Amino acid sequence: MRKPLVAAFFALAIAGAGAAPAVAAPMSMNVAPADSASATAVKADAKAAAAKAAAPTLKAVSLAGTVALSNCSGSVVRFPNSLDTDPALVMSNGHCLTTGFPEPGEVLVNQASSRTFGLLNSAGTKVATLRASKLAYGTMTDTDVSIYQLTSTYASIKSSYGISALTVQDTHPTAGTAITVASGYWKKLYSCNIDGFVYRIKEGDWTWKDSVRYTSACQTIGGTSGSPVIDQATGKVVAVNNTGNEDGERCTENNPCEVDESGNVTVHEGINYAQEIYQIPACFTTGNQLDLSASGCTLPKP
């Protein structure tokens, strides 16, 4: 889990404004003879055109729709079947709850909450304070997620502040996808790719299933916990940022380890992770109401 304040400020003091952007590997230059220059140029143009056609069109990801919590980041989200008239939802991490970390096996549902969230626009400027009516769901078992129901609807937020909710993707993310981790707490974007998926991540007393591993360019820090992980091609949220191995330790708090299906443990110091969320939409039905008994819902139950 990412410590939100002291550790984060210390990290910023060392690293400056944040992680450097990923730099593409230099391309090798092969010089063709003069009499074949035109043919080589044509081939190069054809290859470039083919590559451009095959590559997905990337969207300009911004901070619009993200929120700042008192100790973490989050975002206003909707599911594929959510209606504009439904009460809006805010997603963050289970370890960002004001009541502290849920115990392994603990699942919190439909608990009264008046927690507030600072809503950001594309420039990272706070444009509103949103308020929860309840904590719809929260856990650190199998995943690390919290979902709050707000007193506002999607339509009222859009009408009042011009901000649309981010849509949660309801299919499994894909390795190699270009992503952006959008932190409302720090008002900062981290861009990298999905490096792969981890059978189990163990951190302290908690275990998470089928987690997302980032490539090294996403050097997220304390306070980025709960940030939406956005697919740059679709603009949809494919995961929720939650942790990283800070010191190279093995399976301790703030030093998660990877465990494969055979029980082999691997540690990647400086690598960061997120939890998948594609399974969540099936657990919210008409009116954005939680229904853990709904068909296809596999979230842990109380």
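Colleague: Among contacts in the protein chain between residues at least 6 apart in sequence, what share joins residues at least 24 apart?

Modeller: The share is 67%. A contact here means heavy atoms within 4.5 Å. This is a predicted model: local features need pLDDT of at least 70, side-chain atom pairs count only at pLDDT 80 or more, and totals for chains, interfaces and linings use all residues. Residues are numbered from 1 along each chain as its sequence is written, and side-chain values use heavy atoms, with hydrogens and water left out.

Colleague: How many helices and strands does the protein chain have?

Modeller: There are 3 helices and 18 strands.

Colleague: What makes a residue of the protein chain count as buried, and what percentage does?

Modeller: Buried means under 20% relative accessible area, exposed over 50%, and partly exposed in between, with a 1.4 Å probe and protein chains only. Of the 302 residues, 48% count as buried. The chain exposes about 13900 Å². Carbon and sulfur atoms supply 54% of that area. The areas come from the Shrake-Rupley method with a 1.4 Å probe; for residues, only the protein chains shown count as cover.

Colleague: How do you know that a disulfide joins Cys72 to Cys96?

Modeller: The S to S distance is 2.1 Å. A disulfide is a pair of cysteine sulfur atoms within 2.5 Å, so the pair qualifies. Searching the whole structure gives 4 disulfides.

Colleague: Why is the disulfide of Cys72 and Cys96 called left-handed?

Modeller: Its torsion about the S-S bond is about -85 degrees, so it is left-handed. The pair links distant parts of the chain, 24 residues apart. Cys72 is in the loop between β1 (66-68) and β2 (73-78), and Cys96 in the loop between β3 (87-92) and β4 (107-112). Both cysteines are buried.

Colleague: What ties Cys192 to Cys218?

Modeller: A disulfide, with S to S at 2.1 Å. The torsion about its S-S bond is -100 degrees, and the link is left-handed.

Colleague: Why are Cys192 and Cys218 called buried?

Modeller: Cys192 has a relative accessible area of 5%, so it falls under the limit and is buried. Cys218 has 0% and is therefore buried as well.

Colleague: What makes the disulfide of Cys251 and Cys257 right-handed?

Modeller: The torsion about its S-S bond is about 100 degrees, so this link is right-handed. The sulfur atoms are 1.9 Å apart. At 14% relative accessibility Cys251 counts as buried, and Cys257, at 0%, is buried too. With the bonded cysteines numbered in sequence order, the pairing is 1-2, 3-4, 5-6, 7-8.

Colleague: Why does Thr177 count as buried?

Modeller: Its relative accessibility is 16%, so it lies under the limit. Thr177 sits in the loop between β8 (166-167) and β9 (178-183). Beyond its neighbours within four places in sequence, it is in contact with Cys192, Asn193, Ile194 and Asp231.

Colleague: Which residues of the largest nonpolar core touch the most other members?

Modeller: They are Val76, Met91, Phe117, Leu119, Leu150, Ile280 and Phe284, out of 47 residues. Such a core is a set of buried Ala, Val, Leu, Ile, Met, Phe, Trp, Tyr and Cys residues joined through side-chain atoms within 4.5 Å. Elements supplying at least two residues each include β5 (116-120), β7 (145-153) and α3 (154-161). The largest share, 6 residues, comes from β6. Phe117 contacts, among others beyond four places in sequence, Val67, Val90, Ala128, Tyr148 and Leu150. Apart from this core lies another of 16 residues, among them Trp186, Ile194, Ile221 and Val238.

Colleague: What is the phi of Lys187, and why is this residue called partly exposed?

Modeller: Phi is near 55 degrees, a positive value in a residue other than glycine. Lys187 is in the loop between β9 and β10. Its relative accessible area is 44%, so it is partly exposed.

Colleague: Is Asn254 buried or exposed, and why?

Modeller: At 8% relative accessible area Asn254 is buried, because that value is under the limit. Its phi is positive, about 70 degrees, although it is not a glycine. Asn254 lies in the loop between β13 and β14 (257-259).

How values were computed:
Helices (H or I, at least four residues) and strands (E, at least two) are DSSP runs, numbered from the N terminus.
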